[in-house]
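Visitor: I would like to learn how to read a metal site and a helix pair. Can you take me through them?
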Amino acid sequence: MSTELDLVIRNADVVTASDRFTCDIGVRDGRIAVLGHGLPRGAREMDATGLLALPGGVDGHCHLDQPMPDGMRMADDFFTGTRAAICGGTTTVIPFAAQEKGGSLEAAVADYHRRAEGRAVADYGFHLIVADPTPHVLKYELPELIRQGYTSFKVYMTYDDLKLSDREMLDVLDVAKQNNALVMVHAENADCISWLTEKLVGEGRISPRFHGLSRPAAVEREATHRAITFAELVDVPILIVHVSGKEAIEQIRWAQSRGLQILAETCPQYLYLTAEDMGLQGDDGYEGAKCVCSPPPRDPENQAAVWRALAGGVFSVFSSDHAPFNYDDPEGKKLGGQAQPFDHIPNGVPGIETRLPLLFDGIARGKLSLHQFVELTSYRPARLYGLYPRKGTIAVGADADITLWDPERRVRITNDALHHAVDYTPYEGIEVTGWPVHCFSRGEMLVENGKYLEPAPGRGQFLPAGAPSLV
Ligand code: URP
Ligand code: ZN
Ligand code: ZN
């Protein structure tokens with residue numbers, strides 16, 4: 001066996017969730033073999049002087065090629081979605097294998113593997129979506145899948161095709177407790193939303209901006225509190241995903257202060273978008289459909305609260321919730337080829353490539369530290385989703401998933417320059433400071449000076465997850 005290093009990254013300013021040091025990084029067989037000074041020449045050399053070396057990002061919440069109802073189709077599959085992830089500094093993604101009501105979870109997982117194989121360029125794990133917790137699913141399928149490395153699953157308190165009753169939520173949480181898995185909760189009150197929606201639509205208030213009015217903060221607050229109550233009753237940790245603002249944050253902080261293990265996630269849309277991006281008052285145009293997601297973006301005060309909660313430790317993870325629907329597409333936001341009433345617009349915004357730069361920009365603005373950035377975007381998601389220490393850090397033995405950042409580079413985000421297959425970005429025109437200029441996955445350089453090097457589709461590996469680590 002050759003002892004030569006395959007790659008040496010010289011003079012790297014390495015930043016992990018807890019440490020910062022300058023050294024050379026030696027890579028062999030896809031893993032970090034040595035961290036030190038004056039390493040011997042490697043087969044490939046990279047000078048990182050002036051750049052930051054961060055662990056590759058782990059995006060613990062994104063949707064790729066997820067089967068959809070009602071003629072909708074996601075624009076990104078595993079190839080285009082992971083290509084975009086890599087170009088944004090993310091080397092591991094965890095999308096969702098979604099059970100259909102009446103269908104089996106095992107079938108959903110098998111189907112999802114078929115969609116990923118031969119397509120992914122980044123490494124990937126799967127969360128499950130449990131939409132139909134039958135006695136068979138609860139007793140056999142779910143425990144067996146957890147054993148096989150699917151240790152996290154999402155449940156919905158809204159959306160007719162996905163939502164669980166309170167009783168079903170308790171059953172699923174109990175399976176998580178018995179089998180040491182993590183439940184991710186989409187917390188919005190379904191009945192309140194359908195009641196408000198019927199009223200708005202009945203009054204002819206159907207343009208995209210009314211989406212926000214159909215899902216006010218109280219609807220998210222109530223469901224967040226209810227989910228916390230379920231977790232307390234079952235005595236199991238949960239993760240509340242895509243938290244949009246201060247009302248839900250207050251519930252989470254309250255639970256955390258009582259010693260409950262309530263974890264939380266937020267996403268770029270709650271830092272950079274507001275309800276006005278879905279349309280100003282009196283504006284009945286359709287462009288706002290681009291920013292329709294759930295929970296909806298709120299107002300600047302809520303954005304500020306989310307930034308504060310990120311710095312203050314309320315959130316464990318920062319994910320994209322990349323939900324890639326084209327705007328001008330009969331399978332996307334213009335479903336069936338035309339403007340839709342807000343309640344028929346596919347929900348979600350793209351963001352797998354812009355997630356990291358948008359948060360990184362907050363460092364220069366004093367919103368969070370570099371260590372917090374790594375913790376929220378790589379270290380904690382790797383731990384929570386059972387991938388640490390292979391992913392989420394720069395350490396001997398870890399996969400050589402390394403992103404080299406130019407912390408000074410200023411970039412104006414434009415969709416033309418992105419690598420997803422979506423025909424817009426909600427962040428068009430926003431200027432950020434800091435950009436991931438080079439990206440390595442298992443020691444293979446996939447992005448050089450911002451240029452995607454077109455690695456072979458299918459190089460991405462499936463990562464069976466271990467048990468969740470909550471801290
Ligand atoms: O609007 C959103 N968030 N769409 C994606 C699906 C989900 O609920 O995460
Ligand atoms: Zn959700
Ligand atoms: Zn989502």
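Guide: Start with the term donor. Donors are N, O and S atoms within 2.8 Å of the metal. Keep in mind that this is a predicted model.

Visitor: Which residues coordinate the zinc ion (ligand 3)?

Guide: His61 and His63 each use NE2, and Asp321 uses OD, at 2.0 Å. Along the sequence, the donor residues follow the spacing H-x1-H-x257-D.

Visitor: Which parts does the pair His61 and Asp321 tie together?

Guide: His61 sits in the loop between strand E6 (57-59) and helix H1 (78-87). Asp321 sits in the loop between strand E15 (317-318) and helix H11 (355-364). The pair therefore links parts 260 residues apart in sequence. Both His61 and Asp321 are buried.

Visitor: What is the arrangement of the donor atoms around the zinc ion (ligand 3)?

Guide: Look at the angles. Four donors count as tetrahedral if all angles lie between 85 and 135 degrees. Here the four donor atoms subtend 90 to 121 degrees, so the arrangement is tetrahedral. The zinc ion (ligand 2) is 4.1 Å from the zinc ion (ligand 3).

Visitor: Now the helices. How are two packed helices described?

Guide: By the angle between their axes and the distance between the axes. Helix H3 (residues 135-147) packs on helix H4 (residues 166-179) at about 45 degrees, with axes 10 Å apart. H3 and H4 are therefore oblique to each other. Their crossing is right-handed.

Visitor: Which residues make the contact?

Guide: From H3, Leu138, Leu142, Pro143, Ile146 and Arg147. From H4, Asp171, Val172, Val175 and Asn179.

Key: Residues are numbered from 1 along each chain as its sequence is written. Chains are lettered from A and ligands numbered from 1 in the order in which they are written. This is a predicted model: local features need pLDDT of at least 70, side-chain atom pairs count only at pLDDT 80 or more; totals for chains, interfaces and linings use all residues. Side-chain values use heavy atoms; hydrogens and water are left out. Donors are N, O and S atoms within 2.8 Å of the metal (3.2 Å for Na, K and Ca); water is not among the atoms, so sites may look incomplete. Four donors count as tetrahedral if all angles lie between 85 and 135 degrees; four count as square planar and six as octahedral if opposite donors are over 155 degrees apart and all others between 65 and 115; anything else is irregular. Helices (H or I, at least four residues) and strands (E, at least two) are DSSP runs, numbered from the N terminus. Buried means under 20% relative accessible area, exposed over 50%, partly exposed in between (1.4 Å probe, protein chains only). Axes are lines fitted to C-alpha atoms, for helices over the stretch in contact, and angles run from 0 to 180 degrees between N-to-C directions. Angles under 35 degrees count as roughly parallel, over 145 as roughly antiparallel, 65 to 115 as roughly perpendicular and the rest as oblique. A crossing is left-handed if the near helix is turned anticlockwise from the far one by less than a right angle, and right-handed if clockwise. Contact means heavy atoms within 4.5 Å.
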